[in-house]
Amino acid sequence: MDFSQIALNQGLTFLAWVTSVVLIVVAGFLVKLLIDLSKLSKNLNDTSLMLNTELRPTLQELNETLHTINELVKSTDKGVDNVKVIIERVLGKTKVISESIIGGFLKVFVAMLGLFSKK
């Protein structure tokens with residue numbers, strides 16, 4: 001019985017040592033993980049600040065460009081509307097002129113036909 005007590009004590013002592021070594025190794029990896037995460041968060045913060053300072057002027061230029069394009073499109077739209085009104089007026093006048101020309105030709109044709117059919 002004395003031998004089993006010694007074996008049990010040695011087993012428990014070995015288990016305690018192994019457990020403490022494993023806990024120390026896990027704690028070391030956990031500390032390294034926390035340090036790496038801290039470095040990563042600092043790098044992400046620096047990257048976001050850099051992007052913020054670099055993208056702000058770019059976004060302002062993009063906004064100005066879009067505003068300029070919008071003004072150009074508006075002025076072009078006004079010009080197209082003016083051309084459309086002018087074309088409608090011209091076509092309206094040419095329609096009146098062509099109707100009177102065609103009406104005149106028809107009257108002359110009917111008159112000629114009447115002259116030839118009487119003979």
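Which side chains meet in a salt bridge? In this predicted model, the side chains of D36 and K32 do so, with a distance of 3.1 Å from N to O.

**View 1. The salt bridge between D36 and K32.** The N to O separation of this pair is 3.1 Å, and the count for the model comes to one salt bridge. D36 and K32 are four residues apart in helix α1, which covers residues 2–118, so about one helical turn separates them. D36 is partly exposed, its relative accessible area being 36%. K32 is likewise partly exposed, at 46% relative accessibility.

**View 2. K39 in helix α1.** K39 counts as exposed because its relative accessibility is 51%, and the cut-off for this class is over 50%.

**View 3. A nonpolar patch on the surface.** The patch is formed by L51, L55, L59, L62, L66, I69 and V73. Together these residues present about 650 Å² of accessible area.

**View 4. I69, one of the residues of the nonpolar patch.** I69 is placed in helix α1.

How values were computed:
Residues numbered from 1 in each chain as written. Predicted model: local features only at pLDDT ≥ 70, side-chain atom pairs only at ≥ 80, totals over all residues. Heavy atoms only, no water. Salt bridge = Lys/Arg side-chain N within 4 Å of Asp/Glu carboxyl O. Helix = DSSP H or I, 4+ residues; strand = E, 2+ residues; numbered from the N terminus. Buried < 20%, exposed > 50% of the residue type's maximum accessible area, 1.4 Å probe, protein only. Patch = residues over 30% accessible without salt bridge, like charges linked within 9 Å, V, L, I, M, F, W, Y side chains within 5 Å. Areas by Shrake-Rupley, 256 points an atom, 1.4 Å probe, with all protein chains shown as cover.
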